[in-house]
Amino acid sequence: VLAALVVGLALSVLVARLMLKPLQVLQRSALHIAHTRLPEAMDKIMQDPDPVAASRSAVEPVPINTREEVGEVARSFDAVHAQAVQMAVEQALLRENVKGIFVNLSRRSQRLVERQLGVIDRLEADEQDPDHLASLFELDHLATRLRRNGESLLVLSGAGLAKSVPKPVSAADVIGAAVSEIERYARVDVGVIPEVAVRGLTVHDLVHLLAELLDNATYFSEPETKVHMRAVVTRQRALALQITDRGVGMSAEQIAEANRRLADPPELDVSVTRRMGLYVVARLAQRHGIDVRLRENEDIEGGVIARIVVPAELLGPVAEEAPPPPPSPAEISWPSIADSGEHPPAPLEVPAPRPRPPSEAERTAADGLQPLAQ
């Protein structure tokens, strides 16, 4: 009897170990897949241009090949993981389709806006009445804002804004082009710009980045205040730009959250579209290694200060060109006014004809920029 009890106890221990070992392997594998390998696989699928191919070896099966109940539970876990991977693939494909929709809608709207800007330019050239010219001037700015919104859709989709510029463009021309993109350009006070040029691959994105920050600064500040923009070259030969407004300001928590989004832009979702300008700035800055930071304006009037640092790798010397002939009063455009530090008056405050915004051809000739819709 004693021998039978010992043999029975030994068999029980052996059977228990044979059952517990696969269960322990199943537990460890399931937890490792759920907490580590499955999230990594989903991130890889989301970032891979071919999510279907990335999903084929995303998650390895649980290493239990028995045919009893524990093996069947392992195969059930494999089926659950496969369904999770399939959902990630479908989400990645859906996101790519949404990006494609953004690109198509933006391209179509940009072509229409460019045609509209061409019509407005022709009307401005033939118009002599100051009131009608002011109305056309306002339409020109509204169409420019529509074009910038279309470019923001391209940034959201991950596509580039335009072709690169074949030669470096001076920082003064880049800043002038950015100021001309916003509606309240007359409130922007541009200081002395250092003699430095921005390389062609960065020009369009930097113009759009500065336009978004300037538009935000003028929109969230009082109409009678000025938005100051200053630029210096740092000891590391980088270009540091500072945009200062005296507006409603932001709390410390809001500034910290905005800086986190600028440093690490989130994935595209509904919350991103509510603050599209911040997301666009973050994506453009991340694309070129540009550092953008916000901080509180410590002046008594309050506001926010945005600091933009363009690394030295994106800069170059200014090309020497023959000085252009002095323009006549009827041919003065906004970039030449920005370089002189003066600002045209608001359209509803003066009866005389005001200088119109530069047309696309004039921006290309004066700034060395290609049309942003290309």
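Start by selecting β1 and strand β3 (residues 197-198): they run antiparallel and are joined by 2 bridges. A strand here is a DSSP run of E with at least two residues, a helix is a DSSP run of H or I with at least four, and both are numbered from the N terminus. Two strands count as paired if DSSP finds at least two bridges between them.

Before you click on, some housekeeping. The model is predicted, with local features needing pLDDT of at least 70 and side-chain atom pairs counting only at pLDDT 80 or more, while totals for chains, interfaces and linings use all residues. Residues are numbered from 1 along each chain as its sequence is written, and side-chain values use heavy atoms, leaving out hydrogens and water.

**Stop 1**

For a residue-level look, show Ser170 and find Ala197 in β3 standing opposite.

**Stop 2**

Now pick helix α5 (residues 171-180). Buried means under 20% relative accessible area, exposed means over 50%, and partly exposed is anything in between, using a 1.4 Å probe and protein chains only. Among the buried residues of α5 are Asp173, Gly176 and Ser180.

The axes of α5 and α6 come within 8 Å and cross at roughly 50°. Those axes are lines fitted to C-alpha atoms, for helices over the stretch in contact, and the angles run from 0 to 180 degrees between N-to-C directions. The pair α5 and α6 is therefore oblique: under 35 degrees would be roughly parallel, over 145 roughly antiparallel, 65 to 115 roughly perpendicular, and the rest is oblique. The crossing of α5 and α6 is right-handed, meaning that the near helix is turned clockwise from the far one by less than a right angle, with anticlockwise giving left-handed.

Which residues of α5 and α6 meet? On the α5 side, select Val174, Ile175, Ala177, Ala178 and Val179; on the α6 side, Val203, Leu206, Val207, Leu210, Ala211 and Leu214. Contact means heavy atoms within 4.5 Å. By class, the contact of α5 with α6 has 11 nonpolar residues, no polar ones and no charged ones. The nonpolar class is Ala, Val, Leu, Ile, Met, Phe, Trp, Tyr, Cys and Pro; the charged class is Asp, Glu, Lys and Arg; the others, Gly among them, are polar.

**Stop 2: α6 again, with α4**

Keep α6 and bring in helix α4 (residues 130-157), whose axis comes within 11 Å of the α6 axis and crosses it at roughly 120°. That makes α4 and α6 oblique to each other as well, but their crossing is left-handed. Show Arg148, Glu151 and Ser152 in α4, which meet His208, Ala211, Glu212 and Asp215 in α6. The contact of α4 with α6 divides into 1 nonpolar, 2 polar and 4 charged residues.

**Stop 4**

Select strand β4 (residues 227-233) and β5, an antiparallel pair with 6 bridges. The two form a hairpin with 5 residues between them, and Arg237 in that turn has a positive phi of about 65°. Across the pair, Arg230 has Gln242 in β5 as its bridge partner.

Moving over, strand β5 (residues 239-244) also pairs antiparallel with β7 over 6 bridges. Check Ile243, whose bridge partner in β7 is Ala306, and Thr244, which stands opposite Ile305 in β7.

How covered are β5 and β7? 5 of the 6 residues of β5 are buried, so that strand is largely enclosed by the rest of the structure. Strand β7 (residues 304-310) is mostly covered, with 5 of its 7 residues buried.

**Stop 5**

Finish with Ser29, in helix α1 (residues 2-47). Ser29 counts as buried at 15% relative accessibility. Beyond its neighbours within four places in sequence, Ser29 touches Val62 and Pro63.

Then select Asp78, which sits in helix α3 (residues 69-126) and counts as buried at 17% relative accessibility. Setting aside neighbours within four places in sequence, Asp78 is in contact with Pro61 and Val62.
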